[in-house]
Amino acid sequence: MKLNFFRRAPPLKDALEDTIFRLRQQQRKLELLDSRLKGRTATLFNACSMATNKKDVDRAKIYANELIEMKKVRKTVSNGLLLLEQLVLRMETIKEIGSTFAQLQPTLEVVKNISGQLSEVMPEVSSELSNIGSTLDDAMISMNIGVGQETIVQIPESAMNTEILNQAF
């Protein structure tokens, strides 16, 4: 067992850069998984269509059921990608404006939530996100910043972001 009694917490900027780098790595892994799942979904759909055209109803049902499961997994992965993108943006913003770790509290909760959601789909990513969460938690503890119990992360809607979205379209 390795004890780190005298371990110094990395400077805020270094910790943020490391966390951003690690989050992007996990984001790339999820993007690759999503790409593979997309291909698998297309293959299953084509097989289902072919079975339907051949009047092989039982086989078509098997493909359709598997397609439903694949879509569920893709939805989980897509949500994970969106949340990771949101986390990276938040971390970059915090790094740029030099805010305190107190603003990382919602981010820490999101990391823990997404780690749990992805544990069944891709345990490797879930494990790394848990490690990232632990790193953030350690940094917050070393700075004596408490983590609240109830934080719900949602993509906020406001008149400003609606206006920006309209301009983007």
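This briefing describes the fold, one loop and several salt bridges of a protein chain.

The model is predicted, so local features need pLDDT of at least 70 and side-chain atom pairs count only at pLDDT 80 or more, while totals for chains, interfaces and linings use all residues. Residues are numbered from 1 along each chain as its sequence is written, and side-chain values use heavy atoms, with hydrogens and water left out. The protein chain holds 5 helices and 0 strands. Helices (H or I, at least four residues) and strands (E, at least two) are DSSP runs, numbered from the N terminus.

**Overall fold**

- Read from the N terminus, the elements of the protein chain follow the order α-α-α-α-α.
- Of the 169 residues in the protein chain, 30% are buried. Buried means under 20% relative accessible area, exposed means over 50%, and partly exposed lies in between (1.4 Å probe, protein chains only).
- The protein chain has an accessible surface of about 11,500 Å², and carbon and sulfur atoms supply 55% of this surface. Accessible areas come from the Shrake-Rupley method with a 1.4 Å probe; for residues, only the protein chains shown count as cover.
- Among contacts in the protein chain with a separation of 6 or more, 75% join residues 24 or more positions apart. A contact means heavy atoms within 4.5 Å.

**Helix 1**

- Helix 1 covers residues 12-53, which is 42 residues.
- At 1.5 Å a residue, helix 1 should span 62 Å, and its end C-alpha atoms are 60 Å apart, which agrees. The expected span is 1.5 Å times one less than the number of residues in the helix.

**The loop between helix 1 and helix 2**

- Lysine 55 sits in the loop between helix 1 and helix 2 (57-97).
- Although lysine 55 is not a glycine, its phi is positive, at about 65 degrees. Most residues other than glycine have a negative phi.
- Lysine 55 is exposed, with a relative accessible area of 70%.
- Aspartate 56 is in the loop between helix 1 and helix 2 as well, and is partly exposed at 28% relative accessible area.
- The side chain of aspartate 56 makes a polar contact of 2.9 Å with the side chain of arginine 59. A polar contact is a pair of N or O atoms within 3.5 Å; within protein, one must be able to donate a hydrogen and the other to accept it, and residues adjacent in sequence count only if both atoms are side-chain atoms.

**Salt bridges**

- The whole structure contains 7 salt bridges. A salt bridge is a side-chain nitrogen of Lys or Arg within 4 Å of a carboxyl oxygen of Asp or Glu.
- Side chains of opposite charge can pair when their charged atoms come close.
- Arginine 22 and aspartate 18 form a salt bridge (3.2 Å, N to O). They are 4 residues apart in helix 1, so about one helical turn separates them.
- Arginine 22 is buried at 14% relative accessible area, whereas aspartate 18 is partly exposed at 34%.
- Arginine 22 also forms a salt bridge with glutamate 128, with the closest N and O atoms 2.9 Å apart. Arginine 22 lies in helix 1 and glutamate 128 in helix 4 (residues 123-142), so this pair ties together parts 106 residues apart in sequence.
- Asp18, Arg22 and Glu128 are linked in a network of salt bridges.
- Arginine 24 forms a salt bridge with glutamate 92, the closest N and O atoms being 1.9 Å apart. This pair links distant parts of the chain, with arginine 24 in helix 1 and glutamate 92 in helix 2, 68 residues apart.
- Arginine 24 is partly exposed at 33% relative accessible area, and glutamate 92 is partly exposed at 25%.
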